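Let's take a walk through this structure together. Have a look at the sequence and the 3D picture, then read on.

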Amino acid sequence: MPSTDFWEYFEFNHVIMAKVANGIQSFVNLFGDYQARNPDSAARATSPHTAAIVIGIISCLALAPVPEPSTIEVLFGYGILNFVYLGTLLMVQADYSTILEYWLLPNLTYLVTCTIITVVGRLLLSSLSTFPGPKRAALSNYWMATKLGNGTFSKTVKGLHKKYNAAVIRTGPNELSVNDAEAIVKIYGENYQRGPFYEGGKMRGATSIRETRSHYHHTIWRRIWDAAFIPTELKYYAGETDIAIFGLLKLLKKQNGEEVNCTKVIDEFALDLTAQLTFGEDAGIQDGTGDEDYVGAIKRYLQWLGFYGTMRNLVQILGYFRERKPVNDFCRKGERLLIDRQKRGASSRDITSHLLEKDEETGRKFTVPRQLAANTHLSILMGAATGTTITQTLRTLAKQKDVQKKLQSEIDAHVRSGGDLSVDSIKSLPYLNGVINEALRLHNPLPTGVHVTIPATGLDMGIYKLPAHAQVYIPVLTIMTNEKYFPQAEAFIPERWTDEKAELVADKRAFIPWGYGTHACAGKQLALNEMRATIARVVREFEIELGQTNDDKKWESKWKDYSMVTLGECMLKFKSRKV
Ligand code: HEM
């Protein structure tokens, strides 16, 4: 049994502790006498379990109005109170049966009480319980984490909107998915705070511009990022992009019309190109001089992020331990490129040269190395997103020969009339843009949706009201395949974006491939340039066909949405065209 010296060692106030100890001792004695005199009913009424239940109810009521209770603070408070209580019991020389009776079992009662109140609160009393959705989702974020962890989230949400036939469904204890174009401007146009969903995206303790929940930081960082995409810089990147595309065409020609795994080829091409644009030097993936596991590390990181990133409480606790392997592996690879880049100093012209600059208005910059690194990692991830969109477009063209032919005709005619295939020259080709818009609509690389927090006043949408502090998002895949906004929504019809079938875009507000509002994609123009140039040049050079081992079922099952899409094998043939 610890003595009072034990407490002095921890610099506790001995006198106060002794008084608390006396108090508990009297309570124990009193309770003992009481039990002796009233062995039956009274003992139940004043048992430590009753106290635990009362404390459980009080603590749940006290926490209920707090919008985002910090896991660490809650656990810390609970731990400290328990520590003091147990210590005091030990000081009054309580024996083990008393400790069991007055500490361990009441603690269990307390936890069971809190669990019951939480379950009842989430299922029946929450302001979100009027919205339909799976009960398991309402109970815990674990449901959402498993769906994001196994890459089926956006498709599941789409299925649920259909199943419940509802614009708003509940996908978490405090999460709502809103399949309503009317809501886009209201939710994303008001600069509401980003949801806690983004806390999981921290990389080695640092956030990139996409994950920061601070308006202050975002405004400064966004100005720094935007400077990387001014027209002169985009023109420079276009030149670098052309060089990379020529490399890709050479590689595809070498295959001589044989089947290739397009996902691998384009993933590697996109990573090399993105590293070139981000760090001024490619990642050496295609020529085998770089880290051959980099593409794999990106996929493993995204899968990790899908599950753990969604469990905010777990992420907050994990933050106190060594960083997880998938995060470390991914970050280290980018950091190596960043260190090389910094050694080259001002001689390199790339996105990082802008990220190293000061914000002109405030004079602030990314001073913390990990903050700079987190932002360059974002650039790499977004480059990978562009790659998956290109792969999915090429696959669609292989499947829809009529679309491929029509696109080839447009590009051939453009070249015949003296046009070249540079980014500037092709940017207004209507059918090419139609193809890319359809790819972004049906095969968006970020299909989940951007989470924001509804303010304390709630948000009245007329037929429904979004409750205060709820985390809401527009489900990108669901809304962009909603028949109400895009008739024949599941079909890939580029003509809906041209004059030919303009009636197939019933409400353009629902087209949100780049997000909306202050956090909308900063690299949109760069991504569009990359996609247009790659698709146009590949289609001009090759007939694209499905490979003999193409397997649609396998493709579908390997399509994963870990909040960013990763793809399985895509077996295609690229046969040189005679033009
Ligand atoms: C097809 C390709 C791409 C698509 C569909 C896309 C889409 C998006 C979307 C939807 C967002 C908002 C995400 C959110 O709020 O959570 C976003 C943010 C962002 N994107 Fe892209 N993106 C693409 C490519 C790129 C590229 C190539 C870059 C260049 C580095 C880039 C840079 C960024 C940045 C910096 C942000 C954060 C903006 C902010 O938080 O203010 N993106 N992107």
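Residues 104-125 are 100% helix and 0% strand, and their end C-alpha atoms lie 30 Å apart. Residues 74-92 come out at 95% helix and 0% strand, with 27 Å between the end C-alpha atoms. Helices here are DSSP runs (H or I, at least four residues), strands are runs of E (at least two), and both are numbered from the N terminus.

Both spans also turn up in a record: an unreviewed UniProt entry lists 49-67, 74-92 and 104-125 under "transmembrane region". UniProt positions use the numbering used here, feature names are shortened, and annotations may be inferred rather than shown by experiment.

Residues are numbered from 1 along each chain as its sequence is written.

The average pLDDT (the predictor's confidence in each residue, from 0 to 100) is 90, and 92% of the residues score at least 70. For the complex, the predictor gives an ipTM of 0.99 and a pTM of 0.89. Residues 1-13 stay under 50 in pLDDT. Where pLDDT is low, the predicted coordinates should not be read in detail.

## Two domains

An automatic or database assignment sets the domain bounds, giving domain 1 (4-125) and domain 2 (181-576). Their centres, taken over C-alpha atoms, are 52 Å apart. In contact (C-beta atoms, placed from the backbone, within 7 Å) are 5 residues of domain 1 and 5 residues of domain 2.

## Around the ligand

Which residues come nearest to the ligand? Of the 26 residues around the ligand (C-beta atom, placed from the backbone, within 6 Å), they are Met382, Gly515, Cys521, Gly523 and Ala527. Elements giving two or more residues to this shell are α11 (215-226), α18 (369-399) and α23 (524-541). The largest share, 7 residues, belongs to α18.

## A buried aspartate

Asp282 sits in the loop between α13 (262-279) and α14 (294-308). Is Asp282 buried or exposed? Asp282 counts as buried because 23 other C-beta atoms lie within 10 Å; the cut-off for buried is 20 or more, exposed means 12 or fewer, and partly exposed is in between, with C-beta atoms placed from the backbone. Leaving out residues up to four places away in sequence, Asp282 touches Asp272, Ala275 and Gln276.

Key: Predicted model: local features only at pLDDT ≥ 70, side-chain atom pairs only at ≥ 80, totals over all residues. Contact = placed C-beta atoms within 7 Å.
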